[in-house]
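User: I would like to learn how to read a protein model. Can we go through some features one by one?

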Amino acid sequence: MTVVKETFARLSGKDAGSSFIKLETSLGGGKTHSLIALYHIAKNGSKTPGAESLLQGMDFAPVRVAAIIGSEPGVVRTDDEPLTIWGIMAKQLFGSHGYNKIRPYDDQLTSPGEKALFDLFGKDKCLILIDEMALYLAKAATVKVGESTLAKQTIAFLQELSSVSSALTNVVVVITSLNRESVFRDETDQLLKVLDTDVKKQKASEAVEEADRVMSRLVRNLTPTTGEEFSAVVRHRLFENIDEEAAEEVCRAYMQVLMSDSNADYLPASAREPKYLQNLRLAYPFHPELINTLRTKTSSIQNFNKTRGVLRLLSKVVRAEWRQMSPDLLIHPYVIDMRNQEFVEEIVSRLDKGEYQSALAADIANQRDQPRSSKVDDNFNEPLGTRIANVVFLNSMTGAVGSDILHGIKENEIHLSMARPGFDLKLSENALKLLEDNCFYLVRQGPTFAFHTEPNLNKIIENAKDSVEKTKVLGELENRIRALYGSRKYFEPVLYANEPGKVPDNVDKPKLVVLHYRDCDIKSKSTAIPEIVRKIYEKKGTIDSTRVYLNNLLFLVADHDEIEKMELNGIQYLAMNQLVKDLDEGASYLAALSQTQRQKLKQMRQEAELYIKIAIVVCYKHIVLPSVQTDLEHAGSRKPLRIRTMRVSDSEAKSAIASQKGQDEAIVEFLIEIEAGRTVNSNELSPEFIIEQLWDKKKDSIPADEFKFMFYRNPSCGIIFSEDLVKKSLKSGLLKGKWVVVAQGELYDSKNYVQFYSGLTNDVEIILTNTETSRAMLEQYYCKRCGKRKASCSCEEKVCDKCGKKLSECVCVEDLCTRCHRPIKDCICGEVIRTKESVTMSRATKDLDDLLRDHNIEKISTIRIKPDGRRALMNLNMALPQFGKVEMMFEMEFSINQPTLGNNLKLEYHGNSNGYGQLKQLLSNYEAKSDFSSHDLTIEMKYTDGIDVKEMLSILGEKVQPFTGEELYLIEMVPKQEEKA
């Protein structure tokens, strides 16, 4: 051994040798073995058993020896023992007598100087062994010695010792390398007590660096065992012999894989060079990357060397491989399987790396829950996820991260560790990508992967998802569904209705009933109609009367198999939203996130908001529609329905949302596509179809509003999205001569159909042609003699219908209303002015303002308000004081039905506010309960002297509306009669 030869050649007088030697060591480098060998040979001389081969014929007596370990002495004197390195050295070499020579310098903590050292050594042969001096210097840097420190005094002593040993042939100093990282990577409790501030740590670091610089100029560096020789050492320790022929065959097979052109992009360039074959030969039967990792990465962990972990670990690896009869030709790094508790003890527990236990449990080895890498294994025919995770974990086991020690492993090095004959490295690439996406503690920085002790972004997100409350998910999804399907452009949306009374039955916009996914769902390809859908479709109101306008109703129902995905997306969004909120507010648990991670978190929040919309659209894809009765099965009370499913993929939903297309529009387009819906742009229904399928065969004529109602009652028409389509169909029948229309005293038929613009109201009559009714009507308008309209016929002079006189003599035409300028018989000034339908109070104020202006009405005598719904009724009750002192009359009917309790109450009241006040409390008590089965209330206010229109509209719009909100009301106003001219 070079170190032994250099040391004792000088002490034996055989050769000049070296006086001051520094050992440069690495894992397996033999530093400890070298120091032990030097110590025993010094104590026993050349006769030391087993030292013959090392001494190579040198003959000498025992010499004085001092062995100083820097981690042992403190820097505070606690007894009469030496405190300084020079004091300890003197006592170990010469006992108390020698120590007394140096004691004054030991007491004052000052270097003794060269003269004192010459006097101490004299002519005695001395060997001084110094190990872990960096630890001592770190502690000594905190002790002041005048204007200096104990560390600086120690450095001065080492310089003096070097000079003295160089001058004397009887003194040799062997010191191990001063590794700054070894001081700070695993701070002991003792060191932490001393280096308790950043300033002290900085001074300690500077002291070690200064000492290392000084020693580098003074000493001779020796390496007991080189890194390349380590493989040979391991093989010698673990195997009795190696089949060199088999080894050569295996190494060449591996080299062929590495040099394959198909693997060029996956591997480091160095692994494809011919000289890598020598690495394979030296490492056999181990993979070179396993040896390299243990020699460089784990060697930076101080405890690994101290416990002789390398040989112990590899011996267990060999035993495990032998037991398992592994088919691999080399022992790869991934065989150190962290699912094996024996390896965990060696790599984690024994090396005091317990901070990695969380990473192990979450991502690699867990007895209770499937670890993340194991989930990746499920995608392959072999456990690639776990194997790659083992490789990365092993390479993450380093000490302090220095410039020459890579924490983790580069991607191409991972693939090199996995490469073997018959294995496709594309699989390795795919598995690594899945690990990166799924593992909690695996972090990628550039091309390097490493396991960290703190969870990565994936884990933070998972924790956030675990903390999301289920009720918040429910509320978020309800709001999102409401936003997606709440548009009133094409439909009157009715969200989350669960009983007939909540769904109106009228001919306004089609009712889109969006069922709550917890109340109702449909499985794919199912034809079974949910009972709640059938009940709402067949009944209306709170007393279960039969629904009339069946063709004005459709249902949107969630898909059973998509609900869970929708809820998971809801959880994801709420978690991401909370994380971004916490991030913006400076939450401490997110403070360590990098700028890239912060941006990624916000980007993921935006994506989560998109994905929750996509999930809802994909989930709510079943439409239940009215169907035409086609067989006797539906002849009873069961009205037929059909299920139609929109085929919406994630990508299609994403595209639709990105284009900001409303989901109501998407539903309309789907209905048109399957010929189940009709808009104003659709072809009108033919008059033949209307007469054959819709018209009541018992009637020759019907009012126009009844004509319209037919379309909304009969499913064979398809859902009607525009009343204009009904008008187009009406005009088509006029053009084809299938019917005539009488409106406002005028007859419309095929000759003047283009002039027909009247609304579909009750005062417009539609009469089938070729009926007695139509023939009688035609006689009224057409002259039998000339066939012309009587208005343009000159066959006989017309007379006034009122007085019977010829029109030239009649004065009735002068009897006109001065307000509306219509004949008195047609005057509407005394009629009731009302809203067309139940509307909000805000809308009613605007509509009534227009109507009153059109009729030139300035005062009203009576106003009647009819609430539409229970909430509207209660809100109006609260608003009644806003009308001031006015005579109020109430007409009220309501019923309360509690079948489970055997209670049934029906009440009618017609009277003033005094009596109503007695009933109001009873009404309030039951108002919000489901057993409040029906109600009908009209409130009438009479103003004896009349009230100005502007004042009344101001009361409604400014005082009453804040109470009524968005609830609906039907309002009637009666003009004051004196206002008529």
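Analyst: We will take the chain as a whole, then a pair of helices, then some backbone angles. This is a predicted model, in which local features need pLDDT of at least 70, side-chain atom pairs count only at pLDDT 80 or more, and totals for chains, interfaces and linings use all residues. Residues are numbered from 1 along each chain as its sequence is written, and side-chain values use heavy atoms, with hydrogens and water left out.

User: How many helices and strands are in the chain?

Analyst: Helices (H or I, at least four residues) and strands (E, at least two) are DSSP runs, numbered from the N terminus. The chain has 37 helices and 31 strands.

User: What percentage of the residues count as buried?

Analyst: Buried means under 20% relative accessible area, exposed over 50%, and partly exposed in between (1.4 Å probe, protein chains only). Of the 981 residues of the chain, 48% are buried. In helix 25 (residues 531-538), 6 of the 8 residues are buried, among them Ile532 and Tyr537.

User: At what angle do the axes of helix 4 and helix 5 cross?

Analyst: Axes are lines fitted to C-alpha atoms, for helices over the stretch in contact, and angles run from 0 to 180 degrees between N-to-C directions. The axes of helix 4 (residues 85-108) and helix 5 (residues 113-121) cross at roughly 145° and come within 10 Å.

User: Which residues make the contact?

Analyst: Contact means heavy atoms within 4.5 Å. Helix 4 contributes residues including Met89, Leu93 and Tyr105, and helix 5 contributes residues including Ala116, Leu120 and Phe121. The contact residues of the two helices divide into 10 nonpolar, 1 polar and 2 charged. Here Ala, Val, Leu, Ile, Met, Phe, Trp, Tyr, Cys and Pro count as nonpolar, Asp, Glu, Lys and Arg as charged, and the others, Gly among them, as polar.

User: Is Gln660 buried or exposed?

Analyst: Gln660 counts as exposed, at 72% relative accessibility. Gln660 also has a positive phi, about 65°, and lies in the loop between helix 28 (650-658) and helix 29 (663-673).

User: Which peptide bond is cis?

Analyst: The bond from Tyr284 to Pro285 is cis, with omega near 10°. Pro285 is in the loop between helix 13 (276-283) and helix 14 (288-296).
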